[in-house]
Amino acid sequence: MNFSRIISSQESKKLKLTVQTINFSGLRETEELLNLPFEIMPIIKVQEETAGKIAGMLLQIQAIKLNTEKPFSWSSGWKSPIYCDNRLSLSYPLIRNTIKHSLVQAIRENFFTVESISGVATAGIAQGALVADILDLPFLYVRPKPKDHGMENLIEGKVVRGQKTVVVEDLVSTGGSSLRATQALREAGLEVLGMVSIFNYGFDIATRNFYDANTSLISLCDYTNLLKYALEQQYISENQMISLKAWRVDPANWKK
């Protein structure tokens, strides 16, 4: 007696369907069922069921701070009315667990063929390891650059060519550093199914970058949902809402 299931995968922007059969001896046999010639676009979305809850938790512990009068300075030189440090969530067990299980659910819903988890150094390492532990999967992480000593590794952990991995990131702004990590994993021979993040600023340039890199991004919360929650809960006023929206449209020239 054989048991079969259909599995879809996205390779080279093409949809491929395979049928995987588990025979009576327990051995898996896989054969191609359908290879469609049209391109499949990456998925860029927010988990709507978690967006408000995560926004509230991050504001509550001041992992996210909003200040239109005394903006924060980013390393890029931008002046920003928002500061986000999701690493603070690790110090609050209830919030840490909520984020962990929400990331796991996002992966199960969107990347169900995952075989390993890869964190982006440094903030994505802890979150990724927590997720890998729940899913009982191997864990790797990607450095910003190779070590300058020892084995000079860029990727830490056991690299298995062909292994399907999901990247875990805490925060996505333009997507530059996040996508460099996915590129490193692909060059090492892993198949990157996509990325999950705690928070996404939702910049148009980030969306373009993820589409250009053929990489799906699923976020637990984003800037739009954060502002909606902040206004409803009176963290910000209507006038501040206008300024905060203006920053997202043109962050480089905001308040110049």
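What follows is a short tour of a few spots in this predicted model.

**Salt bridges**
- Arginine 87 pairs up with aspartate 85, with the closest N and O atoms 3.1 Å apart. Arginine 87 is partly exposed at 45% relative accessibility, while aspartate 85 is buried at 18%.
- Arginine 143 and glutamate 156 meet through their side chains at 2.9 Å, N to O. Arginine 143 sits in the loop between strands E10 and E11 and glutamate 156 in E11 itself, so this pair ties together parts 13 residues apart in sequence.
- Here too, the arginine, Arg143, is partly exposed at 25%, and Glu156 is buried at 14%.
- Lysine 164 and glutamate 191 form a salt bridge at 3.9 Å, N to O. Lysine 164 belongs to strand E12 and glutamate 191 to strand E13, so the pair links parts 27 residues apart in sequence.
- Lysine 164 is buried at 18%, and glutamate 191 is buried at 16%.

**Serine 216**
- You'll find serine 216 in the loop between helix H5 and strand E14, buried with a relative accessible area of 5%.
- A polar atom of its side chain lies 2.8 Å from the backbone nitrogen of isoleucine 43.

**Helix H6**
- Helix H6 covers residues 223-232, and its buried residues are Tyr223, Asn225, Leu226, Leu227 and Ala230.
- After H6 comes glutamine 234, with a positive phi near 65 degrees.

Key: Residues are numbered from 1 along each chain as its sequence is written. This is a predicted model: local features need pLDDT of at least 70, side-chain atom pairs count only at pLDDT 80 or more; totals for chains, interfaces and linings use all residues. Side-chain values use heavy atoms; hydrogens and water are left out. Helices (H or I, at least four residues) and strands (E, at least two) are DSSP runs, numbered from the N terminus. Buried means under 20% relative accessible area, exposed over 50%, partly exposed in between (1.4 Å probe, protein chains only). A polar contact is a pair of N or O atoms within 3.5 Å; within protein, one must be able to donate a hydrogen and the other to accept it, and residues adjacent in sequence count only if both atoms are side-chain atoms. A salt bridge is a side-chain nitrogen of Lys or Arg within 4 Å of a carboxyl oxygen of Asp or Glu.
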